[in-house]
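Here is my note on the structure, written as numbered points. Please keep the structure open while reading.

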Amino acid sequence: MDDTVDHEIRVEQITLGTLIIKFSLPMSIVDQINEVCDKAKDISFNHQLAGKIKDEFSITHALSDDIKEMFYTLFNQYLKQCNKNFWKCYPDDVWFNDMRANEYNPFHFHRTKTSDLGLSSVLMLKRPSTYGKEYCNDQGPRNGYLTLINGTQDPLAASMYQVDAQVGDFFVFPFTLIHGVYPFNGTDEVRRTLSYNCNLYRDAIFDMVKEN
């Protein structure tokens, strides 16, 4: 193929499968949410969650309307990015996990009391300065990593996304995407994350839920 033909070729990337979007939130927002978490440890959320984590607390009642509105905007941005604007967002429970050494979040997916369809999310609020010793293969670290599993084993597909999430990273993905967090060791520092469920409804159901 000669150069003149090369210059006429256009490339468009098409990704089939589950969309994950990572937003980067400013530290001012992270600091505000951490302040709320530090004060709101009165409602344990362990009984609702899959995590093998001692300190998991609901803060649905504690977040300001401005912060909730920001999350609502980001959920809608996700729908816009995947051309699914016809779904209506209805934010549900929001909680945080203070994960410590040797605790872990087993692989799971989300649903709520009213919907199996919606958006899950993970916001990194605090990250330990170390995740400790990798017991083998330390050239490919995994301690403390957030892992999202797409479920396809096609050799040309991305079946798994593993990331050392940094403070301010906010990941949004569908309820059905399996995800979890590997344990870590060698530190007394906390790995703190916030999760927010957002139900998705069609117009008629959305109006009914809103009225009730």
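**Notes on the protein chain**

1. Of the 212 residues of the protein chain, 41% count as buried, where buried means under 20% relative accessible area, exposed over 50% and partly exposed in between, with a 1.4 Å probe and protein chains only. This is a predicted model, in which local features need pLDDT of at least 70, side-chain atom pairs count only at pLDDT 80 or more, and totals for chains, interfaces and linings use all residues. Residues are numbered from 1 along each chain as its sequence is written, and side-chain values use heavy atoms, with hydrogens and water left out.

2. The protein chain has four helices and ten strands. Both are DSSP runs numbered from the N terminus: helices are H or I with at least four residues, strands are E with at least two. Along the sequence the pattern is α-β-α-β-α-β-β-β-β-β-β-β-β-α.

3. Contact means heavy atoms within 4.5 Å. Among contacts between residues at least 6 apart in sequence, 81% join residues at least 24 apart. The C-alpha atoms fill a box of roughly 70 × 55 × 35 Å, taken along the principal axes.

4. The largest nonpolar core has 31 residues. Such a core is a set of buried Ala, Val, Leu, Ile, Met, Phe, Trp, Tyr and Cys residues joined through side-chain atoms within 4.5 Å. Ile33, Phe71, Phe75, Phe170 and Leu194 have the most contacts inside this core. Elements that give two or more residues to it include helix H2 (27–39), helix H3 (65–81) and strand S10 (191–201). H3 supplies the largest share, seven residues. In soluble globular proteins, nonpolar side chains tend to be buried together.

5. Which residues does phenylalanine 71 touch, leaving aside its neighbours within four places in sequence? They are Ile33, Leu63, Leu123, Phe170, Leu194 and Tyr196. A second, separate core has 14 residues, among them Ile53, Leu146, Phe171 and Leu177.

6. The structure holds zero disulfides, a disulfide being a pair of cysteine sulfur atoms within 2.5 Å. Is cysteine 136 buried or exposed? At 54% relative accessibility, cysteine 136 counts as exposed. Cysteine 198 is in no disulfide either, and its nearest cysteine sulfur, that of cysteine 89, is 3.8 Å away. Cysteine 198 has a relative accessible area of 0%, so this residue is buried.
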